[in-house]
Amino acid sequence: MTTRAVRGWPSDVLVPTLLGGTFYATAMQSLDVLAFDEVWSWGRAAVTGTAFAAVFGLAMAAQYRFTVRGRERAEVARVVASGVLPAGSDREWWGRLEAERRRLRSNGTGALAISVLGALLVAVVTPLRDGPGEWGWGLALALLLVGGVAVRHQRLRSAAVDRMHRGLQERLTSV
């Protein structure tokens, strides 16, 4: 079965790593301004976000590389990105596609929630004397846009999973 592939997107490790690093840096800076009366520091945000993203990314990459479940998820992600089920796919792939559908829905919801929360935190501290200044409004908007792009990405991949699922169902019922 051949379907249109969803191509050109970064790996399943890179997107959550960048989103996580950005949210962590944004949240920490916002909380420093709100709770500890510190001045917003773009440099400190860059350093803490990069450090968080590096550790988070390495942990995710290790999970994908060294665990059976992680390798299976990576295989499913590659198949979904290609849009073509392996030859001889059976009911095992039915379950894998169901799990991928649930994971994609959860990831889309989580990415949107994180982006909105980050944007709200920045919006709260932007007008404050110690906040990020006018650039904060741009950061809040960028966080919302990143969340929207992540949701769109998850929906495109989910549509690919749905197409593959229907094709597999047709093949299994015709046998």
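Arginine 101 forms a salt bridge with glutamate 98, the closest N and O atoms lying 3.1 Å apart, where a salt bridge is defined as a side-chain nitrogen of Lys or Arg within 4 Å of a carboxyl oxygen of Asp or Glu. Because arginine 101 and glutamate 98 are three residues apart in helix α4, about one helical turn separates them; helices (H or I, at least four residues) are DSSP runs, numbered from the N terminus. Arginine 101 counts as buried, since its relative accessibility is 17%, whereas glutamate 98, at 22%, counts as partly exposed; buried means under 20% relative accessible area, exposed over 50%, and partly exposed in between (1.4 Å probe, protein chains only). The model is a predicted one, in which local features need pLDDT of at least 70 and side-chain atom pairs count only at pLDDT 80 or more, while totals for chains, interfaces and linings use all residues. Residues are numbered from 1 along each chain as its sequence is written, and side-chain values use heavy atoms, with hydrogens and water left out.

By the salt-bridge rule, the count comes to nine. One of these joins the side chains of arginine 157 and glutamate 100 (4.0 Å, N to O), and this pair links distant parts of the chain, with arginine 157 in helix α5 and glutamate 100 in helix α4, 57 residues apart. Both arginine 157 and glutamate 100 are buried. Another salt bridge is formed by the side chains of aspartate 130 and arginine 129 (3.0 Å, N to O); aspartate 130 is buried, with a relative accessible area of 13%, but arginine 129 is exposed, with a value of 76%.

Two packed helices are described by the angle between their axes and the distance between the axes. Helix α4 (residues 91-125) packs with helix α5 (residues 135-174) at an angle of about 170°, their axes being 8 Å apart, which means that α4 is roughly antiparallel to α5, a term used for angles over 145 degrees. Axes are lines fitted to C-alpha atoms, for helices over the stretch in contact, and angles run from 0 to 180 degrees between N-to-C directions.

On the surface, Leu31, Leu34, Val124 and Leu128 form a nonpolar patch with about 320 Å² of accessible area together. Such a patch is made of residues with over 30% relative accessible area and no salt bridge, nonpolar side chains being joined within 5 Å. Leucine 31 lies in helix α1 (residues 14-36) and, at 38% relative accessibility, counts as partly exposed.

How values were computed. Helices (H or I, at least four residues) and strands (E, at least two) are DSSP runs, numbered from the N terminus. Angles under 35 degrees count as roughly parallel, over 145 as roughly antiparallel, 65 to 115 as roughly perpendicular and the rest as oblique. Patches are made of residues with over 30% relative accessible area and no salt bridge: like charges are joined within 9 Å, nonpolar side chains (Val, Leu, Ile, Met, Phe, Trp, Tyr) within 5 Å. Accessible areas come from the Shrake-Rupley method with a 1.4 Å probe; for residues, only the protein chains shown count as cover.
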